[in-house]
Amino acid sequence: RAIINSERPWMLINIEPFRDARGRPPLPDSAGAAFSVSFVNHGRTPAEIVSFEQHLDCRKSTDDLPDVPKYEDENRVLLHTRVIAKDGRWQDPEHFFALQDNFLADQWQNIKDSKQRAIYWGRLRYRDLIKQPRTIHEIGGGRIPEMHETCFCYFWSPALNDLLITGPLGYNKHT
C-alpha cells in the first residue's frame, strides 16, 4: 500500500496573492485581498480532475462551520475533465477571486475589522489514471473508480493579509 501511495497522484492546493502582469495587486483598495488558486500534482502518475467545489463564507469563526463539510459535487463530473501530469498544474476557470467582491459592504467591513471571518473552503476530486487509464467519460455509466480528494479550509487574516489554514476536523485532508 505504501508503494502504491508513493506512486499515485497527489493534488495539493496552492494559494497565492493575485498579481497583474507587472506584479502588482490589481485592485488598489483591496490591500492585496485577491488570490489565485491552483492545484499541483506532486505525485508520480497522472490525475484526472473530476470535480471542484469552492465556497466563500462570512462567519463569526470556524466554529460556525458544520461539523462535517457538506459538498454538493458528490455525483457531479466536470463536463470537460482534465488530465494533469506529474508536476502539472490545474486551475479552475474562475481561479482568481477578490475577497471584497464576494461580500456585502457591512460584511466586508466586519471582516477587515476582525469581527467576522472570510472563510474559503472546498474540495477537489480526482482519480488515478494508472489504475484505470480510461477517462471518467469513457467509462460512462459504469462503476466510478476510486476517487481521491483534496479538501481545504482557510480564513483571511487582515493583519497578515494572507489566507491561513483552519477549520474543524475533516475540512483539511488528502485521500
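The model is predicted, so local features need pLDDT of at least 70 and side-chain atom pairs count only at pLDDT 80 or more, while totals for chains, interfaces and linings use all residues. Residues are numbered from 1 along each chain as its sequence is written, and side-chain values use heavy atoms, with hydrogens and water left out.

Asn41 belongs to strand E2 (residues 34-41) and, at 0% relative accessibility, counts as buried (under 20% relative accessible area; exposed is over 50% and partly exposed in between, with a 1.4 Å probe and protein chains only). Leaving aside residues up to four places away in sequence, Asn41 is in contact with Pro9, Trp10, Met11, Pro46, Ala47, Ile84, Ala85, Lys86, Asp87 and Gly88, a contact being heavy atoms within 4.5 Å. One of these partners, Asp87, sits in the loop between strand E4 (82-84) and strand E5 (89-90). Asp87 is exposed, with a relative accessible area of 53%, and has a positive phi, near 65°. Ser114, in the loop between H2 and E7, also has phi near 65°. Another partner of Asn41, Trp10, has the charged end of Arg8 over its ring, 3.6 Å from the ring centre (NZ of Lys or CZ of Arg within 6 Å of the centre and within 35 degrees of the ring normal).

Turning to the whole fold, the protein chain holds three helices and 10 strands (DSSP runs numbered from the N terminus: H or I of at least four residues for helices, E of at least two for strands). Their order from the N terminus is α-β-β-β-β-β-β-α-β-α-β-β-β. Of the 175 residues, 41% are buried. Among contacts with a separation of 6 or more, 75% join residues 24 or more positions apart.

The whole structure contains 11 aromatic pairs (rings of Phe, Tyr and Trp, the last by its six-membered ring, with centres within 6.5 Å; planes under 30 degrees apart are stacked, over 60 edge-to-face and the rest tilted). Phe35 and Phe97 form a tilted pair, because their ring centres are 6.2 Å apart and their planes meet at 45°. Phe35 is in E2 and Phe97 in strand E6 (residues 96-98), 62 residues apart, and both are buried. Trp108 and Trp156, by contrast, are stacked, with centres 5.2 Å apart and planes at 20°. This pair ties helix H2 (residues 105-112) to strand E8 (residues 148-157), parts 48 residues apart in sequence; Trp108 and Trp156 are both buried. One aromatic cluster is made up of Phe35, Phe39, Phe52, Trp90, Phe97, Tyr120 and Phe152.

The largest nonpolar core has 24 residues, of which Met11, Phe39, Trp90, Leu99, Leu124 and Trp156 touch the most other members (buried Ala, Val, Leu, Ile, Met, Phe, Trp, Tyr and Cys residues joined through side-chain atoms within 4.5 Å). At least two residues of this core come from each of strand E1 (11-17), E2, strand E3 (47-59), H2, strand E7 (117-128) and E8, and E7 gives the largest share, four residues. Apart from this core lies another, of eight residues, including Leu65, Tyr71, Ile119 and Trp121.
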